[in-house]
Amino acid sequence: MSAAALPSACASGGSGDSAAPGGDDASVPGDGPLPEGAEAGGGEGGGGDGGIGASLTKACADNASTYCAQLEQCAAFLFQTQYGDNLTCVARNTLACTDGVQAPGAGWTGDGLEACVKARSALDCNTFLHGKPAPNACRVTGAITTSSKCRYDAQCGSGYCRYASGGLCGNCVNLGATGAPCTTSSDCDGNLMCAGTCQVPNGVGGGCGATQPCQQGLVCAKGACAQPGVLGATCDPTLGGADCDYYQGFYCDGTSKTCKAYATPHDGQSCGGGAAVCFGGDTCFGGSCVAPVQDGSPCNTDAGENCLAPSSCQTGLCQLYSATQCK
């Protein structure tokens with residue numbers, strides 16, 4: 001869910017690839033990754049019993065407020081383009097967290113979630129945004145067995161819910177060891193990254209290519225792992241902008257071959273040309289930014305009328321796809 005809301009280990013989920021951040025990490029109930037690291041069973045109202053209890057309610061509120069503050073500090077561009085303001089960020093992440101902690105079989109407890117929030121809040125910005133794996137306190141396991149349906153990592157005894165592309169539900173699977181086939185780095189255990197198979201990634205200056213990945217947050221440029229560029233850095237347009245730091249709001253300008261800052265237009269303003277990302281979760285449609293549709297209102301993705309994560313357009317209405325629907 002690209003962004004999506006249980007405590008996150010990092011803005012990108014803590015275990016996925018370092019492409020544009022967002023919301024398809026199965027571990028998060030909202031726009032940040034779900035915390036993982038308490039005993040299985042759901043504890044105080046978890047596990048889909050219809051209420052999450054005071055402890056988990058407070059933990060979800062703490063998770064959302066600290067996550068949003070950390071995201072705004074570490075990646076203001078992401079914060080602005082995904083949410084626009086703190087009230088929206090907190091509300092969306094609280095919604096996702098609430099669904100995540102009460103998902104069937106989820107292993108969250110109030111104390112476990114607070115421990116994850118504390119561990120994530122102590123991370124430096126680079127680790128928050130790109131670190132893999134998540135802190136131990138955020139690596140929760142649940143009661144759902146391997147191969148069964150899931151929506152969040154913390155529901156699974158394996159600690160990982162893998163989605164097919166575009167899916168709303170996944171299946172609990174084991175994380176891949178070195179050499180295991182993978183589709184994304186989320187499929188790989190520990191700090192392993194995906195390059196067709198799970199491999200130990202190289203750091204800055206190390207070799208990289210089709211079968212050798214870089215550490216999360218780095219880019220492979222001319223066969224070597226490097227930090228993505230910031231404003232004014234030289235870049236290679238043939239890399240599709242990967243060598244400019246998207247998390248901080250930069251793209252590779254094809255004419256000057258340097259990293260430039262994205263514009264962040266608001267509702268109704270022009271967004272065409274590839275040099276702009278709409279503000280506040282808007283969609284760029286027909287050359288203009290279209291505001292996200294509110295929960296419960298009609299939506300039409302073919303007309304650029306999209307929902308704000310973690311909700312999605314279902315049967316023509318914006319609504320949260322709950323973990324209880326993954327059966």
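**Conventions.** I am working with a predicted model, in which local features need pLDDT of at least 70 and side-chain atom pairs count only at pLDDT 80 or more, while totals for chains, interfaces and linings use all residues. Residues are numbered from 1 along each chain as its sequence is written, and side-chain values use heavy atoms, with hydrogens and water left out.

**Confidence.** I looked up pLDDT, the predictor's confidence in each residue on a scale from 0 to 100, and found a chain mean of 86, with 84% of the residues reaching 70 or more. Over residues 1–5 the pLDDT is below 50, and this stretch has 44 contacts in the model beyond near neighbours in sequence, a contact being heavy atoms within 4.5 Å. I noted also that pLDDT stays under 50 over residues 7–50, a stretch for which the model has 218 contacts beyond four places in sequence.

**Overall make-up.** I counted 5 helices and 13 strands in the chain, taking these as DSSP runs numbered from the N terminus (helices H or I of at least four residues, strands E of at least two). Of the 327 residues, 49% count as buried; here buried means under 20% relative accessible area, exposed means over 50%, and partly exposed lies in between, with a 1.4 Å probe and protein chains only. The accessible surface comes to about 13,300 Å², and 52% of this belongs to carbon and sulfur atoms, the areas coming from the Shrake-Rupley method with a 1.4 Å probe.

**Disulfides.** I took a disulfide to be a pair of cysteine sulfur atoms within 2.5 Å, and by this rule the count comes to 17. I wrote up three of them in detail.

How far apart are the sulfur atoms of Cys244 and Cys259? I read 2.1 Å from S to S for this disulfide, and the torsion about its S-S bond is about -90°, so the disulfide is left-handed. The pair links distant parts of the chain, 15 residues apart, with Cys244 in the loop between β7 (224–226) and β8 (250–253) and Cys259 in strand β9 (residues 258–261). Cys244 counts as buried at 3% relative accessibility, and Cys259 is buried at 1%.

Next I looked at Cys271 and Cys284, which are joined by a disulfide with an S to S distance of 2.0 Å. The torsion about the S-S bond of Cys271 and Cys284 is about 95°, so I recorded the disulfide as right-handed. Because Cys271 lies in the loop between β9 and β10 (283–285) and Cys284 in strand β10, the pair ties together parts that are 13 residues apart in sequence. Cys271 is buried, with a relative accessible area of 3%, whereas Cys284 is partly exposed at 41%.

For Cys307 and Cys318 I found the sulfur atoms 2.0 Å apart in a disulfide, which is left-handed because the torsion about the S-S bond is about -90°. This pair also links distant parts of the chain, 11 residues apart: Cys307 is in the loop between β11 (288–290) and β12 (311–314), and Cys318 is in strand β13 (residues 317–320). Both Cys307 and Cys318 are buried.

Is Ala154 buried or exposed? Ala154 is buried, with a relative accessible area of 1%, and I located Ala154 in the loop between β1 (149–150) and β2 (161–163). Its C-alpha atom is separated by 8.0 Å from that of Gly105, a residue 49 residues apart from Ala154 along the chain.
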